[in-house]
Amino acid sequence: MTLRAADTASRTDTGRQRRDNEDSSFARAPLFVIADGMGGAQAGEVASRIAVEAFADALPEQGSSEERLAGRAQQANRDIYEMSRTTQERAGMGTTLTAVYVEETGLAVAHVGDSRAYLYRQGELGRLTQDHTLVEELLRRGKLTEEQAAEHPQRSIITRALGVDPVVEVDTRTYAGRAGDVVLICSDGLTSMISETAIVEVLDAEPDLDRAAEALIAAANDAGGRDNITVILFRLEDVGGATPEHATMVGVPAVSADPGLGSAPPSAAGDPDGAPRASAPPFSQRGSSATLTAARQDAPPEPPGAPPARRSGSPRALAPGRSAPAEPPGRRGPRRFARSVAMLLTIAIVMGLILAGGYLATRQLFFIGTNAQGAVTIYRGLPYDLPLGIRLYETVYVSGVPAGVVPAARRPKLLDHQLRSQNDAISLVRTAELGQLTP
């Protein structure tokens, strides 16, 4: 089987509520790319254009299709990042990216942000990408329902984009394809306006891809057209022989027409677990130590020739002219050492009990801060660092809420490392996840 893209259609529209179009696209078989820019003063338009231009030349010959797509995405990320740092009016710009490359037996996909790629097969629509958004992260964690996500005030906030950091994590995946499959790539101006069910209805009704692309954009505008809308559609055909009924690729996930088709691939990003970004001043502890000493005072020597004194309790009187033998030094040393060791062990046990009690007490204390990735995080313990990298706290829960989306008036109180009960900390973070923190 040898697949190729046929019947390609590409459309873009500014929408009904935007003045400029910050979407860019590239559609030249076997490679298809969409980028949705962000940033003021036309910076978003510049960022998305830089992203798609990185794919205008043929992909490198070395490496797998996924590696080559990811390499071009990384290059675009560096170019956008450098321009945003050196040009004042471009500061803070970025863009999403979704790229699809048609291989002989399937599709290689590279993705960053919330633009999407879908595969439509026999009336079923399967998503090939997973959104990098705050709401999607909360959905994956089970913190929001689909209904809550649809109305979440931060549903448009993306958590990953090209150009924001020097290096970006690019999700890549390869899917098996069949002749007759239709691939849809789109910006969120489409998916934020109409449901996936509505997309299926259009594709069912319009086998002609040009008319289908126009109908999708019209449906998004009829629903409000709040953002720029860009759509690429193409159909796969087999130019190398008959297509097996259940063609799959060895070692890669296959898209099927089963009900599970719509499940998104797992995100490449993992849940972060780090120290708070802003911590309280280092904790210093002063200790004290005691030196145990023992002094021995010997009685003054008896005058020469004086008879030895009889000791009370002595079993017998000593013969004249003989003095009492001194206790061998070897006996006194072990006794003195044993007493010192016993005292030190007692002190150590008492200190251990005190420290254990303090540790158990801190297990009931919690505070809220941010981790190294800037996500709102719940910690257990005390917000202090000891010398030698010793921390008096541990991570309990990392939310999907970036600190930047917390209302400015609430940040000082929420992220001040104030000691709280577990229920109080969980309640506050849950409120932030639901987007219900108000000034």
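Glutamate 196 is partly exposed, with a relative accessible area of 30%. Its partner is arginine 116, and the two form a salt bridge. The closest N and O atoms are 3.5 Å apart. Remember that this is a predicted model.

Where do the two partners sit? Glutamate 196 is in helix H6, residues 196-205. Arginine 116 is in strand S7, residues 116-121. They are 80 residues apart, so this pair links distant parts of the chain. Arginine 116 counts as buried, because its relative accessibility is 12% and the cut-off for buried is under 20%.

Now widen the view. Arg116, Arg127, Asp131, Glu136 and Glu196 are linked in a network of salt bridges. One of its pairs is glutamate 136 with arginine 127, with 3.9 Å between the closest N and O atoms. Both of these residues are buried.

Next, glutamate 137. Its side chain meets that of arginine 140 in a salt bridge, 2.7 Å from N to O. How far apart are they in helix H3? Three residues, which means about one helical turn. Glutamate 137 is buried, at 17% relative accessible area. Arginine 140 is partly exposed, at 34%. In the whole structure, the search finds 17 salt bridges.

On to the rings. The search finds four aromatic pairs. Take phenylalanine 32 and phenylalanine 234. They are stacked, 4.1 Å centre to centre, with 15° between the planes. Phenylalanine 32 lies in strand S3 and phenylalanine 234 in strand S11, so the pair ties together parts 202 residues apart in sequence.

Phenylalanine 367 and tyrosine 393 pair edge-to-face. Here the centres are 5.9 Å apart and the planes make 85°. This pair ties strand S12 to strand S14, parts that are 26 residues apart in sequence. Phenylalanine 367 is buried at 0% relative accessibility. Tyrosine 393 is buried too, at 9%. Ring pairs link Phe367, Tyr379 and Tyr393 into a cluster.

Now the surface. Met343, Leu344, Ile347 and Met351 form a nonpolar patch there. Together they have about 370 Å² of accessible area. Isoleucine 347 sits in helix H8, residues 329-362. At 42% relative accessibility, isoleucine 347 is partly exposed.

Last, confidence. The chain has a mean pLDDT of 77, and 73% of its residues reach 70 or more. Over residues 242-329, the pLDDT is below 50. That stretch still has 119 contacts in the model beyond near neighbours in sequence. Where pLDDT is low, the predicted coordinates should not be read in detail.

Note on methods:
Residues are numbered from 1 along each chain as its sequence is written. Side-chain values use heavy atoms; hydrogens and water are left out. Patches are made of residues with over 30% relative accessible area and no salt bridge: like charges are joined within 9 Å, nonpolar side chains (Val, Leu, Ile, Met, Phe, Trp, Tyr) within 5 Å. Accessible areas come from the Shrake-Rupley method with a 1.4 Å probe; for residues, only the protein chains shown count as cover. A salt bridge is a side-chain nitrogen of Lys or Arg within 4 Å of a carboxyl oxygen of Asp or Glu. Helices (H or I, at least four residues) and strands (E, at least two) are DSSP runs, numbered from the N terminus. Buried means under 20% relative accessible area, exposed over 50%, partly exposed in between (1.4 Å probe, protein chains only). pLDDT is the predictor's confidence in each residue, from 0 to 100. Contact means heavy atoms within 4.5 Å. Rings of Phe, Tyr and Trp (its six-membered ring) pair if their centres lie within 6.5 Å; planes under 30 degrees apart count as stacked, over 60 as edge-to-face and the rest as tilted.
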